[in-house]
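Here is my note on the model. Please keep the sequence and the structure open as you read.

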Amino acid sequence: MHSFLTHSCSYLTTSFRFYSPIIMSSRRSAGTPRITDDQIIELISKLQQLLPELRNRRSNKASASKVLQETCNYVRSLHKEVDDLSDRLSQLLSTIDDNSPQASIIRSLIN
């Protein structure tokens, strides 16, 4: 899953830089609803508000490619944090009795 995410983030940021929404719309399948430029701008703006790196900037303006790149970086950092926390919980689990209530709680957090 992680490699898929990394590949998808690279593809998204590269694609967004080189294809305008108009060019992209000609590549859509029939029956796919067209997303407007205003909708893209709104989605990028909402995404920017979710990113700590961009949310705290003095200027509210960031390029769409910057927002997408920062989104990918942030998602990667969250994945790493989850992996690290899972490792720490696994280590903690190995130090306590397997039948204890604490072990049950830790197992539920790992899965």
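What pattern does the protein chain follow, read along the sequence?

1. **Overall pattern.** The pattern is α-α-α-α-α-α. The protein chain has 6 helices and 0 strands. Helices (H or I, at least four residues) and strands (E, at least two) are DSSP runs, numbered from the N terminus.

2. **How to read the values.** This is a predicted model, where local features need pLDDT of at least 70, side-chain atom pairs count only at pLDDT 80 or more, and totals for chains, interfaces and linings use all residues. Residues are numbered from 1 along each chain as its sequence is written, and side-chain values use heavy atoms, with hydrogens and water left out.

3. **Surface and contacts.** The protein chain has 111 residues, and 17% of them are buried. Buried means under 20% relative accessible area, exposed means over 50%, and partly exposed lies in between (1.4 Å probe, protein chains only). The protein chain exposes about 8,600 Å². Carbon and sulfur atoms supply 57% of that area. Accessible areas come from the Shrake-Rupley method with a 1.4 Å probe; for residues, only the protein chains shown count as cover. Now take the contacts with a separation of 6 or more: residues 24 or more positions apart account for 33% of them. Contact means heavy atoms within 4.5 Å.

4. **H3 against H5.** Helix H3 covers residues 37–50. H3 and H5 pack at an angle of about 40°, and their axes are 10 Å apart. That angle makes H3 oblique to H5. The cut-offs are these: under 35 degrees is roughly parallel, over 145 roughly antiparallel, 65 to 115 roughly perpendicular, and the rest oblique. Axes are lines fitted to C-alpha atoms, for helices over the stretch in contact, and angles run from 0 to 180 degrees between N-to-C directions. The crossing of H3 and H5 is left-handed. Left-handed means that the near helix is turned anticlockwise from the far one by less than a right angle; clockwise is right-handed.

5. **Residues between H3 and H5.** From H3 come Ile-44, Leu-47, Gln-48 and Leu-50. They meet Ala-64, Val-67, Leu-68, Thr-71 and Tyr-74 in H5. By class, this contact has 7 nonpolar, 2 polar and no charged residues. Ala, Val, Leu, Ile, Met, Phe, Trp, Tyr, Cys and Pro count as nonpolar, Asp, Glu, Lys and Arg as charged, and the others, Gly among them, as polar.

6. **H5 against H6.** Helix H6 covers residues 101–110. The axes of H5 and H6 come within 10 Å and cross at roughly 155°. The two helices are therefore roughly antiparallel to each other. H5 passes H6 in a left-handed crossing. In H5, the residues in contact are Ser-86, Leu-89, Ser-90, Leu-92 and Leu-93. Their partners in H6 are Ala-103, Ile-106, Arg-107, Leu-109 and Ile-110. This contact has 7 nonpolar, 2 polar and 1 charged residues.

7. Val-82 sits in helix H5, residues 64–93. Val-82 counts as exposed because its relative accessibility is 52%. Its C-alpha atom is 9.6 Å from that of Ile-110, 28 residues apart along the chain. Ser-104 lies in helix H6. Ser-104 has a relative accessible area of 42%, so it is partly exposed. Asn-111 belongs to the segment after H6. Asn-111 is exposed, at 79% relative accessibility. The C-alpha atoms of Asn-111 and Ser-86, 25 residues apart along the chain, are separated by 9.0 Å.
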